[in-house]
Amino acid sequence: MSNVTIFLTTINRVREVEILIKHYEKQKIKCPIIIGDSSNKTNFIKLKKLVNNSKHKNIQILNNKNIRQVEFFYFILKKVKTKYAIYSGDDDYYDLSLINKELKNIKKKKTINLKSYALELLDYKFDNLTLGYSKEIIHEDYRERLRELSYNYYSLMFSLTSTQNWLNAVKYGLNFKSKIISSEIAICFKLLQISKVYKSKNYCLLRTYEPRNKVKIEELRRKSDSQDIYQLEIYKVLL
């Protein structure tokens, strides 16, 4: 499967990247993977060794410690040679056989938000599995699509779409200025403005998190994840 690339960023998470690489080594279907790494020198050497010794021979790792995540996204995407791309966290895992099935519909659907499972881990071991979030927003008018978007905005980052759509959305995120909305959330809104978003037929993605991170996420949501505030802020720029 050479017409989609997985891109991701990471920082000082050698164990997570090792697990990720092993996951893709075991899959029959292979695709290019580009890792943007902001680790210190010691950890980058470890990661580089993992990549060089991997059975998966189409993994690139690029190191830059002094770069914003959205800038790294753009730098990575400029190096993508495939027509389509998907974003991943360094502790998220795609089933590429199911991605391959979704690719058959991508010409008609343009952007497909990939359904996921959310796996809670305790010290890298299974603890609890729940259904993740995914969206389908297909109104013809992009303004109505933006109005439909509410909560869990970030789930749109886990979408299968063209590399050009990603570049356009990330370029928008590069120039986005807000005290309320992150550049990554701005990318999600831009993807939705660019095209309708369909929900995948298959659960293509396994997302993982540690309970201690879940607590931090929920605290942040209580402080900032207000639909009214987000919508008002984004409308000023997009509508």
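Tryptophan 166 touches (heavy atoms within 4.5 Å) Phe7, Leu77, Ala85, Ile86, Tyr87, Met157, Ser159, Thr161, Ile187 and Leu191, leaving out residues up to four places away in sequence. Bear in mind that this is a predicted model, where local features need pLDDT of at least 70, side-chain atom pairs count only at pLDDT 80 or more, and totals for chains, interfaces and linings use all residues. Numbering starts from 1 along each chain as its sequence is written, and side-chain values use heavy atoms, without hydrogens or water.

Trp166 also turns up in the largest nonpolar core, which has 64 residues; Ile6, Tyr94, Leu160, Trp166 and Ile187 touch the most other members. Such a core is a set of buried Ala, Val, Leu, Ile, Met, Phe, Trp, Tyr and Cys residues joined through side-chain atoms within 4.5 Å, buried being under 20% relative accessible area with a 1.4 Å probe, protein chains only. Helix H8 gives the most to this core, with 7 residues; helices here are DSSP runs (H or I) of at least four residues, and strands (E) of at least two, numbered from the N terminus.

| Helix | Residues | Residues in the contact |
|---|---|---|
| H3 | 69-77 | Gln69, Val70, Phe73 |
| H8 | 183-194 | Ser183, Glu184, Ile187 |

The residues of this contact split into 3 nonpolar, 2 polar and 1 charged.

Now for threonine 111, in the loop between helix H5 (106-109) and strand S6 (112-122). Thr111 is buried, at a relative accessible area of 1%. Its contacts beyond four places in sequence include Leu160, Asn165 and Ser195.

Terms used: Buried < 20%, exposed > 50% of the residue type's maximum accessible area, 1.4 Å probe, protein only. Axes fitted to C-alpha atoms, helices over the stretch in contact; angles between N-to-C directions. Nonpolar A, V, L, I, M, F, W, Y, C, P; charged D, E, K, R; others polar.
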